[in-house]
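Here is a short report for a reader new to this structure. Look over the sequence and the model, then read on.

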Amino acid sequence: GTQQKVEANILLLGAENVGKSALTVRFLTRRFIGEYGDIESIYNHNEKIDGRDISFNIWDSLYPQNCETTESITEKQLQWANGLILVYSICDRSSFDVVQQQVHHIRQAKKTSGVSPVIIVGNKRDLLHRRTVSSEEGRLLALSADCGFFEISAAETYHGVLLVFHELFDLIREARALK
Ligand code: GDP
């Protein structure tokens, strides 16, 4: 029979240089290029999940220069998003701090404007020798804020990136079913 297309707006957040664009491009093209411009964009990507056509809109945001972390997410972004991916690099502790503050901010804001699912992603897993954030810390943060958690390498594999988007889509679907 005819099925309606399902839309999912996904917002990527996190500090500069953690791999937000790499994740986005991996999901869109299955490839890793290596260098990405500083372009803020919303990309559309259609994918079949469980036989359904899903239309993903992916907002690859830029972390604003010279701002307080709490000002790094706009109300407009939160209103737009059905689900969020917060990215840090496992070899950049300050990027983990940014995610910590952003997730806190989101959970505060969402008390008034509903709850969107969040997945926390520790990227650059291939750089194990430079790790400064343990898996345990990432997992604990996610647990304490009721978020999903993955450690991945956008550089090395497509699989982890795919899992992140599929898991987030599942959570979005669950959240919609509860409404
Ligand atoms: P953004 O500023 O968060 O969008 O980060 P980018 O996607 O532009 O990536 C920043 C830099 O990190 C680029 O040089 C990427 O090639 C590199 N990078 C992204 N993901 C990975 C990864 O999983 N492993 C490694 N080693 N480098 C990565």
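## A buried lysine and its surroundings

Lys 124 counts as buried, because 25 C-beta neighbours lie inside 10 Å. Lys 124 is found in the loop between strand 5 (118-123) and helix 4 (135-144). Its backbone stands out too. Phi of Lys 124 is near 70°, a positive value in a residue other than glycine. Most residues other than glycine have a negative phi.

Arg 30 also has a positive phi, near 70°. Arg 30 lies in the loop between helix 1 and strand 2 (41-49). Is Arg 30 buried or exposed? Arg 30 counts as exposed, because it has 10 C-beta neighbours inside 10 Å.

## The model as a whole

This is a predicted model. The mean pLDDT of the protein is 92. A pLDDT of 70 or more is reached by 94% of the residues. For the complex, the predictor gives an ipTM of 0.99 and a pTM of 0.95.

The protein has 5 helices and 6 strands. From the N terminus on, their order is β-α-β-β-α-β-α-β-α-β-α.

How does the radius of gyration of the protein compare with that of a compact globule, and why? The protein has 15 Å, which agrees with a compact globule, because 179 residues would give a radius near 16 Å. Along its principal axes, the C-alpha trace spans about 50 × 40 × 30 Å. Of the 179 residues, 37% count as buried.

Contacts across the sequence come next. Take the contacts with a separation of 6 or more: residues 24 or more positions apart account for 71% of them.

## Helix 1 and its cover

Why is helix 1 described as largely enclosed by the rest of the structure? Helix 1 is so described because 8 of its 10 residues are buried. The buried residues are Lys 20, Ser 21, Ala 22, Leu 23, Thr 24, Val 25, Arg 26 and Phe 27. What covers them includes strand 1 (6-14), strand 2, strand 3 (52-60), strand 4 (83-89), strand 5 and helix 5. Arg 30, with its positive phi near 70°, follows helix 1.

## Around the ligand

Helix 1 matters for the ligand shell as well. Helix 1 (residues 20-29) supplies the largest share of that shell, 3 residues. Which residues come nearest to the ligand? Of the 17 residues around the ligand, these are Gly 19, Lys 20, Ser 21, Ala 22 and Ala 155. By class, the shell divides into 6 nonpolar, 6 polar and 5 charged residues.

## The nonpolar core

In soluble globular proteins, nonpolar side chains tend to be buried together. The largest nonpolar core here has 45 residues. Those with the most contacts inside this core are Ile 10, Ile 85, Leu 86, Ile 119, Ile 120, Val 121 and Val 164. Helix 5 (residues 159-177) gives the largest share of the core, 6 residues.

Ile 85 shows how the chain comes together. Leaving out residues up to four places away in sequence, Ile 85 touches Ile 10, Leu 12, Ile 119, Val 121, Val 164 and Leu 168.

## Val 133 and some distances

Val 133 lies in the loop between strand 5 and helix 4. Val 133 is buried, because 20 other C-beta atoms lie within 10 Å. Not counting residues up to four places away in sequence, Val 133 touches Tyr 88, Ile 90, Arg 93, Phe 96, Gly 122 and Gly 138.

Ser 94 lies in helix 3 (residues 93-113). Ser 94 is exposed, because 10 other C-beta atoms lie within 10 Å. Gly 34 is found in the loop between helix 1 and strand 2. Gly 34 is exposed, because 8 other C-beta atoms lie within 10 Å.

| Pair | Apart in sequence | C-alpha to C-alpha |
|---|---|---|
| Val 133 and Cys 91 | 42 residues | 6.4 Å |
| Ser 94 and Val 133 | 39 residues | 9.7 Å |
| Gly 34 and His 104 | 70 residues | 31 Å |

Conventions. Residues numbered from 1 in each chain as written. Predicted model: local features only at pLDDT ≥ 70, side-chain atom pairs only at ≥ 80, totals over all residues. pLDDT = per-residue confidence, 0-100. Near = placed C-beta within 6 Å. Helix = DSSP H or I, 4+ residues; strand = E, 2+ residues; numbered from the N terminus. Nonpolar A, V, L, I, M, F, W, Y, C, P; charged D, E, K, R; others polar. Buried ≥ 20, exposed ≤ 12 C-beta atoms within 10 Å, placed from the backbone. Core = buried A, V, L, I, M, F, W, Y, C linked by C-beta atoms within 7 Å. Contact = placed C-beta atoms within 7 Å. Rg over C-alpha atoms; globule rule 2.2 N^0.38 Å.
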